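Hi everyone, thanks for coming. Please have a look at the sequence and the model on the screen, and then I'll walk you through some of the packing.

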Amino acid sequence: MQDCRQGSRKAQFELYKLYAKAMYNVSLRILSHVAEAEDVLQEAFLEAFNRIADFRGDTTFGLWLKQIVINKSINYLRKRKVEFVSTDEVDVVEEEETDEEDMQLQVEEIRKAIQQLPDGYRVVISLYLLEGYDHEEIAHILKISEVTSRTQYRRAKLKLQSLMATERRSR
């Protein structure tokens with residue numbers, strides 16, 4: 001890390017090799033667009049190396065970089081004009097608790113179905129299920145209310161289940 005702070009290209013390349021694939025996958029899950037995810041990856045590493053002096057070591061470098069990747073990915077979505085519709089004023093019926101283990105489907109099937117979700121749904125469900133953020137954190141990242149995050153998540157889950165049921169019927 002110290003070599004990176006001093007601008008060593010070799011040290012930067014080692015960090016890049018260590019984190020590039022994971023960070024690309026984070027961005028791809030949010031954007032669902034290969035070229036944009038590649039752009040985000042490059043921009044995120046450039047920003048990280050330019051701001052390496054700001055990295056205090058409170059967390060791992062990977063977590064710090066992941067936050068940069070997520071923020072840049074969300075900015076790309078905003079450029080596409082993805083709207084996260086506020087549902088603060090809408091009464092939402094609470095969904096009955098479901099057993100998450102009931103969704104024991106092939107990872108590839110789930111990944112394909114997630115890619116088919118509208119951007120807003122895909123971002124929230126990816127941040128919640130795949131990246132491990134809670135609704136308060138998602139609300140902060142996306143600049144939406146916590147209620148909107150929860151609602152988008154529920155709707156995304158229902159849409160995902162519907163897509164997967166349709167896929168199973170068509171086999």
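Let's start with Trp64, which counts as buried because its relative accessibility is 15%; buried means under 20% relative accessible area, exposed over 50%, and partly exposed in between, with a 1.4 Å probe and protein chains only. Before I go on, this is a predicted model, where local features need pLDDT of at least 70, side-chain atom pairs count only at pLDDT 80 or more, and totals for chains, interfaces and linings use all residues. Residues are numbered from 1 along each chain as its sequence is written, and side-chain values use heavy atoms, with hydrogens and water left out.

Which residue pairs with Trp64? Phe61 does, in a tilted aromatic pair with 5.7 Å centre to centre and 50 degrees between the planes. Rings of Phe, Tyr and Trp (its six-membered ring) pair if their centres lie within 6.5 Å; planes under 30 degrees apart are stacked, over 60 edge-to-face, and the rest tilted. Phe61 and Trp64 are three residues apart in helix H4, so about one helical turn separates them. Helices here are DSSP runs (H or I, at least four residues), as are strands (E, at least two), numbered from the N terminus. Phe61 is buried too, at 4% relative accessibility. Ring pairs also link Tyr19, Phe55, Phe61 and Trp64 into a cluster.

Now for the core. Phe61, Leu65, Ile70, Leu127 and Leu142 touch the most other members of the largest nonpolar core, which has 46 residues. Such a core is a set of buried Ala, Val, Leu, Ile, Met, Phe, Trp, Tyr and Cys residues joined through side-chain atoms within 4.5 Å. Leaving aside residues up to four places away in sequence, Leu65 touches Tyr19, Met23, Ala44, Phe45 and Ala48.

How do H4 and H6 sit relative to each other, roughly parallel or roughly antiparallel? Their axes come within 11 Å and cross at roughly 170 degrees; axes are lines fitted to C-alpha atoms, for helices over the stretch in contact, and angles run from 0 to 180 degrees between N-to-C directions. H4 and H6 are therefore roughly antiparallel, the label for angles over 145 degrees, with under 35 roughly parallel, 65 to 115 roughly perpendicular and the rest oblique. Ile70, Ile74 and Leu77 in H4 meet Asp119, Arg122, Val123 and Leu127 in H6, where contact means heavy atoms within 4.5 Å.

Finally, Gly120 lies in helix H6 and is buried, at 10% relative accessibility.
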